[in-house]
Amino acid sequence: MKKMGKWEFFRMITRKYGTTIAGIVIFIGFSFTTKYFLTTHNFLLMLKQMSMLTIISLGFTFVMAAGGFDMSIGFVTGLINVFFASILLHTGNLPLAILIALLIGSLVGLTNGALAAYIGLPDFIATFAIGSIALGIDMMYTGGNPVFLQNPSEAFLFIGQGYLGPVPFPVIVMFAVLIMALIVLNRTKLGMRIYAIGGNPIAALYAGINVKFYRLLTFIISGLSVAATSVVLTSRLGSGQPQAGENYLLDAISVCFLSTTMFGEGEPTGEGVFVGAFIITMLNSGLTMLNVAYYFQYITKGIVVILAVTSSILMGQKLQVKL
């Protein structure tokens, strides 16, 4: 067997672990430059802050793993947020509100999938249009005004604000969703077929895989993850905010593209999403502690994604993402 040279070894390490190593360097840097960054309280706070981003990004990962894209997630998060809050306001029935939130997410995912997989619209166009419709319905229903809850129940507040011991409950929800995603993507035929479609849909079709159905399924999973994120978000805010989901699209895209540069050959992965979400959250936390202006956080996230993806391409890694 041919011995691996120093350059080949460097390329392999950079391709598979470059972004992770960069995250570790950033973590060490903030630990030395900020007073309260390396504390248990801040670590748990970062996990809590990244919980919703991780959940929504995991759903996005299923779509990307199949070679697709979902531009609707931010607007749909806001839509489900206000409807979930409104149902609670008028009925006080938490299980019913959660069920309807999941149904809305599933319906949006089903619509996205039908337009993209069966009708043949480009993912970008189909999901952007659905997101635009979701935003319009959101604004029409609320008039741009928040939906405030009166005397919300403890069970509702516990979802986004509660603790089990020292651990925030949203963090537990995040790890539960992460474990399920890892099992499905890495240990089941469903995950294997999704990755096969993302790698080469024509070959997957000739192998007997129902490409349209599985692509549709990934959009439904994404819709469910958006609904779950909205439920936790509404509980954390204690209200429905029409524009609450605006930042999730940019952050989820950043996380999922970062995940393609970790642990795989250009494929988005569940474990990569977790590390990517932590890196994005860590940047936000560290820059805030350094009193850096909020708008610079957007610039930093854009630069990080460009550097991560560019370095992977230069090292010979091909991204299996199609718009």
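Which residues have the most contacts inside the largest nonpolar core? They are Ile56, Phe60, Ile73, Phe84, Leu88, Ile197 and Met282, in a core of 74 residues. This is a predicted model, where local features need pLDDT of at least 70, side-chain atom pairs count only at pLDDT 80 or more, and totals for chains, interfaces and linings use all residues. Residues are numbered from 1 along each chain as its sequence is written, and side-chain values use heavy atoms, leaving out hydrogens and water.

**The core**
- A nonpolar core here is a set of buried Ala, Val, Leu, Ile, Met, Phe, Trp, Tyr and Cys residues joined through side-chain atoms within 4.5 Å.
- In the largest one, helix α2 (residues 40–65) gives the most, with 11 residues; helices are DSSP runs of H or I, at least four residues, numbered from the N terminus.
- Leaving aside residues up to four places away in sequence, Phe60 touches Phe69, Asp70, Ile73, Ser222, Ser225, Ile253 and Cys256 (contact: heavy atoms within 4.5 Å).

**Aromatic pairs**
- The whole structure holds 12 aromatic pairs (ring centres within 6.5 Å; planes under 30 degrees apart are stacked, over 60 edge-to-face, the rest tilted).
- Phe30 and Phe37 make a tilted pair, 5.5 Å centre to centre with 45° between the planes.
- Phe30 is buried at 8% relative accessibility, and Phe37 is buried at 2% (buried is under 20% relative accessible area, exposed over 50%, partly exposed in between, with a 1.4 Å probe and protein chains only).
- Phe124 and Phe128 are stacked, at 6.2 Å and 5°; they sit 4 residues apart in helix α5 (residues 123–142), so about one helical turn separates them.
- Phe124 is partly exposed at 35%, as is Phe128 at 44%.
- Ring pairs also join Phe27, Phe30, Phe37, Phe43 and Phe278 into a cluster.

Notes: Rings of Phe, Tyr and Trp (its six-membered ring) pair if their centres lie within 6.5 Å; planes under 30 degrees apart count as stacked, over 60 as edge-to-face and the rest as tilted. Helices (H or I, at least four residues) and strands (E, at least two) are DSSP runs, numbered from the N terminus.
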